[in-house]
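Me: Hi! I would like to learn how to read a protein model, one feature at a time. Could you walk me through this one?

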Amino acid sequence: MAPDPILTAAAMRAAEQAAFDAGVYPYELMERAGAAAAQIIWRAGHRRDALILCGPGNNGGDGFVIARILRELGVPVRVASLGDSRTESAQRARTLWDGPVEPLADAAPAAQLVDALFGTGLTRGLDAAVADRLGELVAHASHSYAIDLPSGVGTDDGRLLSAVPKFDVTIALGAFKPAHLLQPAASLMGKLVRADIGLAMPQDMHVLAAPQLRAPVAAAHKYSRGLVGVVGGLMPGAAALAATAAAYSGAGMVRRYDASPCESGPHAIVHQQIEDVTVLSDALSDPRLAAVLVGPGLGREDGAQVRLDAVLSCGRPLVLDADALTLLAGRASTHVPAGSILTPHEGEFVRLFGDLPGSKIDRALAGARMTRSVVVYKGADSVIAAPDGRVAVAGGASTWLSTAGTGDVLAGLAAGRLAVTGDPFRAACEAVWLHGEAARRAGPAFVADDLLAALPAAIGSRL
């Protein structure tokens, strides 16, 4: 099954126009959208009384279709609007609703509140009085639904253009939009549901989907499954977390190359203390190395830079994280080997690439193209971007991941999956999903070590 697509406002308009050019009448698309949303609301709220808020554009037209269909299903429905409908399709939908239409300012609350005021393409915030009224009605409802997007949200970047209440359910029409996954808007969406309205959708940008992993074949051995090298420095704890995650990831063998003695980590991980950079370069020349990770525990002193340079010139597929990214600040586009995986958080991203314009997706893509590598722009809304334009967005990450060491675990997973698959974008996507699933299984109040314990079950769930 193809992953759920994500479309910007412009891409969504293009998909709709392609349908119109193929002979689909614009109002037919509105009927599909309204009918699909009405069924979702009906299944959730059944015959609880509903108030539908309709705006002047096509999102409001969807609302009138929803109102008509819910009433046909036996739901007590009232409609409130901001004024006259302005588009041809919205006007037709309003005509087919033969019930009363109240002014928004006068509407009484209902058990179910449906926000169909403004959807995709909003460029400015709601008037303060309208935003306040929407917030009041949502607060009084036991079930609240946003049609396509909550009113007041920037479609392509997830900005809050005005005050936006938190909804129980957001029904994405046709495709998810960037705002469904990007913060701060994503935290106000509640449960996300996509309503298929029969449009052909491009798949270059999509919601991160659960991977389908493969168990080792009968003839597998430790080197055929992938040898991972983890280059650390003087701080062994972070390197131990990363190496252990790589060992659990499906790779056949993990070697650590640290600048200091280390007893931590599973005995299955081969540890070599290597201080001399010439010896390190020789170790990294092993043709069996399928991926090399550098950054966790590397440090930032002069010796760390020398060790990083040895990794950058080793010719192996690379994962660059943590201190490696800081040491590369301002020179990533010239020093990062093409085909690497970079895993920056917000601060590291800005140090690497500067304060780039656009949404988080735009910035991630720009970084990927500058380095000709895959960028995992981490956060509550992690964006995985490839230089060829592919993007996956992971929403809904556990807030408990905001603790020390969890990024080291992610980097280790990325290195392990890179060793297994040989595909940087696929490896990064698999790593981010497994990281999130391990966090879900670990429950609340975990530390990074707990993620390691949850990884076997997370990986096993996808075999």
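This is a predicted model: local features need pLDDT of at least 70, side-chain atom pairs count only at pLDDT 80 or more; totals for chains, interfaces and linings use all residues.

Me: What kind of peptide bond joins Gln-183 and Pro-184?

Reply: For this feature, look at the omega angle. Here omega is about 5°, and the bond joining Gln-183 and Pro-184 is a cis peptide bond.

Me: Next, backbone angles. What is phi of Asp-148 near?

Reply: Phi of Asp-148 is near 70°, which is a positive value in a residue other than glycine. You will find Asp-148 in the loop between strand 5 (143-147) and strand 6 (169-173).

Me: Is Asp-148 buried or exposed?

Reply: The idea is to compare the relative accessible area with a cut-off: under 20% means buried. Asp-148 has 7% relative accessibility, so Asp-148 counts as buried.

Me: Let me try Ala-322. What is its phi near, and where is Ala-322 found?

Reply: Phi of Ala-322 is near 50°, again a positive value in a residue other than glycine. Ala-322 lies in the loop between strand 13 (318-320) and helix 10 (323-327). With a relative accessible area of 17%, Ala-322 is buried.

Me: Now helices. How do I describe two packed helices?

Reply: You give the angle between their axes and the distance between the axes. In this model, helix 2 (residues 26-45) and helix 4 (residues 88-96) pack at an angle of about 55°, and their axes are 9 Å apart. Helix 2 and helix 4 are therefore oblique to each other. Their crossing is right-handed.

Me: Which residues make the contact?

Reply: Helix 2 brings Pro-26, Tyr-27, Met-30 and Glu-31, while helix 4 brings Ser-89, Ala-90, Arg-92, Ala-93 and Leu-96. Sorted by type, the residues of this contact are six nonpolar, one polar and two charged.

Me: Let me zoom out. How many helices and strands does the protein chain have?

Reply: The protein chain has 16 helices and 17 strands. Its radius of gyration is 25 Å, close to the 23 Å that the globule rule gives for 463 residues, so the chain is as compact as a globular protein of that length. Along its principal axes, the C-alpha trace spans about 80 × 40 × 40 Å.

Me: What share of the residues count as buried?

Reply: Of the 463 residues of the protein chain, 55% count as buried.

Note on methods: Residues are numbered from 1 along each chain as its sequence is written. Side-chain values use heavy atoms; hydrogens and water are left out. Axes are lines fitted to C-alpha atoms, for helices over the stretch in contact, and angles run from 0 to 180 degrees between N-to-C directions. Helices (H or I, at least four residues) and strands (E, at least two) are DSSP runs, numbered from the N terminus. Angles under 35 degrees count as roughly parallel, over 145 as roughly antiparallel, 65 to 115 as roughly perpendicular and the rest as oblique. A crossing is left-handed if the near helix is turned anticlockwise from the far one by less than a right angle, and right-handed if clockwise. Contact means heavy atoms within 4.5 Å. Ala, Val, Leu, Ile, Met, Phe, Trp, Tyr, Cys and Pro count as nonpolar, Asp, Glu, Lys and Arg as charged, and the others, Gly among them, as polar. The radius of gyration is taken over C-alpha atoms; the globule rule is 2.2 Å times the number of residues to the power 0.38. Buried means under 20% relative accessible area, exposed over 50%, partly exposed in between (1.4 Å probe, protein chains only).
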